[in-house]
Amino acid sequence: MAVAISSPVPEGLYPLLTILFLTVGLVLTASFFIYEITTSSLSRSFPREILTGGASSIFLGLGALFLLLSTGVYV
Amino acid sequence: MAASSLCLIGCLALWILTGAALAEDLVVAKLDRRVDLTSQVARTLVSFKIENSGSDPATKFLFALSKDQFDHLAYISAASVSVKGKSRTQSAPLTVKEVEKKEDPSSDAVYFEISLEKSLEQGQAATIDVQYALTHTLTPFPREIRQSETQLVLYHDSAYVLSPYLVKFQTTFFKLPGSRVESYTKVEPTKLGDKEIKYGPYENVSPLSQAPVTLQFENNRPFAVVETLEQEIEISHWGNVYATENYHLKHTGARLKGGFSRLDYQAKGNGVSAFRYLAAILPPRAHSIYYRDEIGNISTSHVRNEPKRTIVEFEPRYPLFGGWQVKFTLGYSVPLQDFVFLAPDGSRYLNFTFGSPLVDVVVEKITTKVVLPEGSRDPSVEAPLALDEQHQEVKHSYLDTVGRKVVVLTKKNVVAEHNVPFQVKYKFNPLAMLAEPLMLIFGFFCFFLACMAYLHFDFPISKSSAAYQARLQQEEVLDLLQRFQKLMKRRLFEAEKLEAALRDLARTGDVAPCKASKKLVDATLSKEVKAIHEALQATSRSSSVNSKVEALITKEKEKHERLLQKLNLTVDLYERKMSSKEIDSRLAPHEQKYTHLKSEVAELMDSLDD
């Protein structure tokens, strides 16, 4: 008996995951830019920048993927 | 003399041998042939009842077609039939193999070897059904017609079925789409029925004998031929299989001459051989169906969803008359779980129907491309039909780095009997699906790195201009102010901790934590404050800021002194274990001053922010 293959993430969840990931990603992006602009360039901590940038890029990347999938562009 | 006689003997032997090889001691006792000429494809069903009149058991049966028919052959299959009285049931299909026979080249027969289900013993009989379909055998005659005329087609065949065996009894029926028959060759006995012509019965026809007949009759069924069909099936493991089909459809019936009159077509219904309505049967749960051509979307289409299939009825932009052609694209998506499965050995395979989903068309050349997801390895095809060509390509699609493997299958002369499922197997590691989100994440991360780089690096035009220096100074001041603010906040925090300890004291009467927190606060915070203050004075020349900072520092110091006083007092009072009313009264003035100072400090901190 052959097993049907389906997506690793349930397809009904695609729109919800899109909104979730993109929201979190944008909030982290905002936090990144606020940090960059308000602190003076002498006292910025590099690890904090990289961390915020990394986390926001992960969420934005996943959000963009689910955005593409939920709009019908099955990549 | 000797040489010629030897030659003769040799020829005789050869003749006997080939004759024996051909005859194989089988005899066709009864033959029934039905030819269906109602559509553009001539479908024939021949039913043989064979007997083994020789001594050796027979395992193979030879079926013959004339060379002309073989050139137009699209499909052939055979099945053994079990006959019980009046009922016939078709049992297992038999393998049909095209074979080369080295007989005299004057006979234009092409042979197919059918392997019998079980070997036929001497005197035994068996029934075999052979079905075959021929395309482009119904030729329009006259080749050009006016819009008001009907279409007449010619069909050439033989009244005797071409067979290498002796046929004892045979009958042929030709089924026609209409009752109008223009002409037909008479090979007695021939009988013309309502929509049928019966040739036969003929008895004891010798092997490989033919009696050519030509029928000319009316056939207004759509002669829709797809010249080229490019079908692309793209698999995405995120849940979808896309199918895109590019058609080049042509009407191969009698060509239209004398112009097309729209009025006649619509008002009088002229143009009976033209067709307009096309239908495609798609798999169930097909969605996102589109029908367009180079100009754009074509809206004359309807979709009906049924439990086992989806029916799309569509019309081209204009009706198709003889010789007219049209190009369009039909596309749809189906869910992944209906078509891609996991094989027991861990590889995946796509199970899709071959051929065109269009109803009643002949495809002259079909190119099916199966696009496998990125990261697929070792593709292989299993198809129960003979494919003309098979090769691999690479296609670059969404979010691709190296490209996707494409398996390309080509076949010529495809009819509806070829719509059978075929499988494309491939190996896929599920982790390869991560490549797509990782690429997106990497892209966004590069954007953030670029922002960081831009904000960090300093590329002024001149390093000694006044504006640049002023900006540098401003940054330093800002920096120091921020550090100072941080420090103040910490001191405030410590003060609040002390207050909390005092409150605890009021409730519980426990002195020890009070003393501990006092010790913490007396630590080196004051040293840091001093350092910042000095740095600020050294670098800044803006007096307003400086004065504010100084004011803040002094106030804060006052507040701190007050707090410490209050603390010491409270502790003493509690150690002396006085009553709470007295404690409160003694603390009251200190409290007031303390809160006043606290508010002043807060105000100054706020003013520092601008």
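**View 1. B:Leu45 of chain B has B:Gln131 as its bridge partner in strand 8.** The model is predicted: local features need pLDDT of at least 70, side-chain atom pairs count only at pLDDT 80 or more, and totals for chains, interfaces and linings use all residues. Residues are numbered from 1 along each chain as its sequence is written, chains are lettered from A and ligands numbered from 1 in written order, and side-chain values use heavy atoms, without hydrogens and water. Strand 2 and strand 8 (residues 125–134) of chain B pair antiparallel over 10 bridges. (Strands are DSSP runs of E, at least two residues; helices are runs of H or I, at least four; both are numbered from the N terminus. Pairing needs at least two DSSP bridges.)

**View 2. Strands 1 and 2 of chain B form a hairpin.** Between them lie 5 residues. Strand 1 (residues 26–36) and strand 2 (residues 42–52) run antiparallel, joined by 10 bridges. B:Arg34 has B:Leu45 as its bridge partner in strand 2.

**View 3. Helix 1 of chain A meets helix 4 of chain B.** The axes of helix 1 (residues 14–38) of chain A and helix 4 (residues 435–456) of chain B come within 11 Å and cross at roughly 10 degrees. (Axes are lines fitted to C-alpha atoms, for helices over the stretch in contact; angles run from 0 to 180 degrees between N-to-C directions.) Helix 1 of chain A is therefore roughly parallel to helix 4 of chain B. (Roughly parallel means under 35 degrees.) Residues in contact (heavy atoms within 4.5 Å) include A:Phe32 and B:Phe448.

Definitions and conventions: Parallel < 35°, antiparallel > 145°, perpendicular 65-115°, else oblique.
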